[in-house]
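Subject: Structure handover, salt bridges

Hello,

The structure for your set-up is below. My notes on its salt bridges follow.

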Amino acid sequence: MPFSYEKDRGRMQPSSDVKIPDNHPLSSTKALESFGNELLAWYDEHKRELPWRTSPSLYKTVVSEFMLQQTRVSTVLPYFDGWMEKFPDFASLASASEEKVVKAWEGLGYYSRARNLRKLAKEIQAFDAPPEDPETWQTFPGVGPYVAAAVTSINFGTPAAVADGNVVRILTRIFAHDEQFRDGATAQRKLRPLAQALLNENNPGDHNQAVMELGATVCHRRSPLCLTCPVLKFCQAGQCGDAETYPIIDKRKVERLSIDRLWIVRDNALLLNRIPDDSKRLAGLYELPCPEDFPENIRPKNTLHLATKRRAIANQSIEERILRAELEGNRELSDDTNLEFIPFEKLNEVTLSGPHRKWVKELQKKLELA
DNA sequence: AACACGGGGCT
DNA sequence: AGCCCAGTGTT
């Protein structure tokens, strides 16, 4: 390990316990200042035009940061403007129904983000003015160390450094930090004090955004564009042509599983399974039912293979077979199941998980033609 | 500390 | 097919 620092104790203030080794290009105060300035100059010149950057506001920042958790900019882009039209401010979001809010999030994934964002909107109504410190922000639902630092630095200039995946990549490369981390979250936690030590306190918001922008557009995980990097001269790994080696994070094992899904149509309606509200996963959303979703006395029969789909969820690799089927007899579904026939013309009113929305559209079209 | 949570894009 | 992305909450 090229340098050491003590454990982060959750402080957002500059960490005096971070020691940069004397032989590193960033060891002097002057170099640190130069680093901050050149990063900011690069950002001013090269930042992307993004909808939450044009006429920015606290609300836009919060919405974008929620949407961007574990989610790429290109994925968020098709949602952001529509969201702002449906829910232009905290007040409109706070008074909207949860169903409507989750429906607007359909396809983005991690649906608890939408519920937490709505809860946050309600909680923030109780303030005369929004809090400007990361500690208070972290008490809001769905707000952790990253969002707290991002929101307060960008909107209020609060000197709180963000430590996300981009920051981990950039810092481990700049310092050729060869510590092996058990997972990304651990790396972020451990590197936060260093990020704080490098923060440009003249403009914490832009500094944070500049680091993330650099990570997203130059300091890629694979094949980083070191030759165009504005801070190459401060980067030990980059100068060794070695950037791709960092960070060193343990891999998680991928679990493989196979699921059957049933396509059952009756009276121009499609049978869907509504996932219970108390479910950890996809609560309140609809999916094509699995055989296990049916009560003992009703078994789907006459199955015919329609398609096989593959996708990944977290560390799971899933193969899903879609089977056309019929319910035996003309049995009514009892109320204690979560199965509902949804008329095709009302399919757009319910919230489907992303892949199921896609599959249903595909199969509907395919079967109409057949 | 370990795990669950969605979905998609890139290699 | 694996990897990871502007992470957070729960156990």
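Glu362 is partly exposed, at 38% relative accessibility (partly exposed lies between buried, under 20% relative accessible area, and exposed, over 50%; 1.4 Å probe, protein chains only). Its salt-bridge partner is Lys309, at 2.6 Å from N to O (a salt bridge is a side-chain nitrogen of Lys or Arg within 4 Å of a carboxyl oxygen of Asp or Glu). Lys309 counts as buried, at 18%. Because Glu362 lies in helix H13 (residues 354–369) and Lys309 in strand E7 (residues 300–313), the pair ties together parts 53 residues apart in sequence. Helices (H or I, at least four residues) and strands (E, at least two) are DSSP runs numbered from the N terminus.

This is a predicted model: local features need pLDDT of at least 70 and side-chain atom pairs pLDDT 80 or more, while totals for chains, interfaces and linings use all residues. Residues are numbered from 1 along each chain as its sequence is written, chains are lettered from A and ligands numbered from 1 in the order in which they are written, and side-chain values use heavy atoms, leaving out hydrogens and water.

The salt-bridge count is 16. One of them joins Glu320 and Arg261 at 2.8 Å, N to O. Glu320 is in strand E8 (residues 316–327) and Arg261 in strand E3 (residues 255–263), 59 residues apart. Both residues of this pair, Glu320 and Arg261, are buried. They also belong to a network of salt bridges with Arg281, Glu287 and Arg311.

Arg115 and Glu98 form another salt bridge, 3.0 Å from N to O. Here Arg115 is buried at 17%, and Glu98 is partly exposed at 29%.

Regards
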